[in-house]
Amino acid sequence: MYQVYVRSFLDSTGDGIGDLAGVRAGLPYLKKLGVDGIWLSPFYPSPQHDHGYDVADYCDVDPVFGDLAEFDRLVTGARRLGIKVLLDIVPNHCSSEHPWFCEALAAAPGSAARARFHFAEGRGPHGEEPPNNWHAMFGGPAWTRVTEPDGSPGQWYLHMFTPEQPDLNWRNPEVGAHFDHVLRFWLDRGVDGFRIDVAAGLFKHPELPDSPDPEADARTRDSVNPLAWNQPEVHDVWRHWRSVCEEYTARDGQERLLVGEVSVPTAREHALYVRPDELHQAFFFDLLGAPWDADQFRKVISEAMQDIAGTGSTVTWVLNNHDQVRTVTRYGDHGTEGSGLGTARARAAALLMLALPGAAYLYQGEELGLAEVLDLPDEVLTDPIFRRTGSRARIRDGCRVPLPWSGHASPFGFSADAVDVKPWLPQPDWFAEHATDRALADTSSFWHLYRDGLQLRHSLPQLGEGTLRWLESAPGVLSFARGDGLVCAVNFGTAPVPAPVSGAPLLASGSCPAGLLPGSTAAWWISDDTSHNTDDSMGLSR
Ligand code: GLC
């Protein structure tokens, strides 16, 4: 599956912002790459305080991105090419400009309109302190005080992200009913499923008690406050959404897919989200979070195989998305422009991911080997994290810069035929080397590696779903067998090691002289020799 960050994919109107017609124009490119489907980042009407993750209307298209008719054309075009379409649905919070929130602000404390959110009286003699000590994920308190309609200082409302993203109260049945309507609205328009934002969110501890470590979420930029996330009630929602999907499947025989953004402390808890009657898939982020180290990768993969795949469900792998520093930069010694060690490792990691049992999600630009754009000037940054913390640490603009398609100067074909357009984030000159026209013409490019890997995933029965058997390997090397005779090995070190299979690899992330696996390289082989020694030191032969 391929994540399309709509605002940065392809701009059909020349306003410097990608749009749905641009996505439609890019479908043949995605077909050629060999993806099964796309996940579209939010394109709904939104004041864009968090690039569409602040939804003001769940059943429409923001004019910046097109309209419903254009959306329908995109779905039709994708279907014609056999590409599935997933939408990004944001149920944990809406925009402060959503009609519900406007109504809540205009209504009195205790009203039905306020009961759709978490409004509470403040603490302190005059209610001047927030109702509890929680901090928001993007910095600052998780509560904002409102002014009551009569002008007096009033209640507080909860927002786990920015104040422009009030959290919905899922203990109020009206909220669930609204999202039922939203799901059906889009399923009726022909979508194949949803990527669910913050899927371990929705419910908070019913008492909203103080947290012993209130800044943990902001510090880790992960949903770790056990009072605010991962409450047991959320599983009922996913069971219900699954039943809605099944209802549509029963009608037309077409599968619908729910994939959750699930950030929970352990693989075991993660597995609960992908039980047979819940989500079909949930991103397992531990691989993305692992440093370039064979032991750490092995630990993450082993845990996933044991605790998630071992319970009969599937693991969904991801190395990049619109919230994370791109792999090329993450695996480099320092920020690079996409050359050297980080690039070699990112290529190897891609082959590793595509060889693992389960599903794989790619993020646009990953197939072009884009590095993070690290030198964006402060004045162009749009990430609310920067706005709220004043710090550039882990801001996300650098992985969201519009894609380069062709040519030697910005906008690199991003804005259709227009040349004097400024994309919404400036593209660096070095994007030229990664433009899709160059990537397609160069058989040694990242693009060809992904294309070849995806083709083999389609044609080789050993890949995709199935099991994994670790093979004995030298320190710093991971080697495993898939099904009958496919071997994947990754050398995390820098010096060459003997290859686990003597013949030429089927596919390799770098050049592989006979019998050797160079440093920072991964390769796949088909081997008739089944005598490879299994390494069961993790107790994991499956
Ligand atoms: C998810 C999205 C992220 C967004 C946040 C709040 O983590 O991936 O981009 O900022 O939710 O909706």
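The structure holds 3 cavities of 30 Å³ or more. On a 1 Å grid over the protein atoms alone, a cavity is a set of points where a 1.4 Å probe fits but cannot get out, whereas a pocket is an open set with protein on both sides within 12 Å along at least five of seven lines; lining residues have an atom within 4 Å of a point. This is a predicted model, in which local features need pLDDT of at least 70 and side-chain atom pairs count only at pLDDT 80 or more, while totals for chains, interfaces and linings use all residues. Residues are numbered from 1 along each chain as its sequence is written, and side-chain values use heavy atoms, without hydrogens and water.

The largest cavity has a volume of about 40 Å³, a volume being the space filled by probe spheres set on grid points that are joined across faces, edges and corners. Among the residues lining this cavity are Tyr 5, Arg 7, His 51 and Phe 65.

The largest pocket has a volume of about 990 Å³. Its lining comprises 48 residues, and Arg 221, Asp 222, Ser 263, Phe 285 and Gln 324 lie nearest its centre. The largest share of this lining, 4 residues, comes from the helix α9 (helices, H or I with at least four residues, and strands, E with at least two, are DSSP runs numbered from the N terminus).

The second largest pocket has a volume of about 750 Å³. It is lined by 32 residues, with Met 1, Asp 36, Leu 257, Gln 281 and Ala 359 closest to its centre. The elements β3 (84-89), β11 (359-363) and α14 (446-459) each give two or more residues to this lining.
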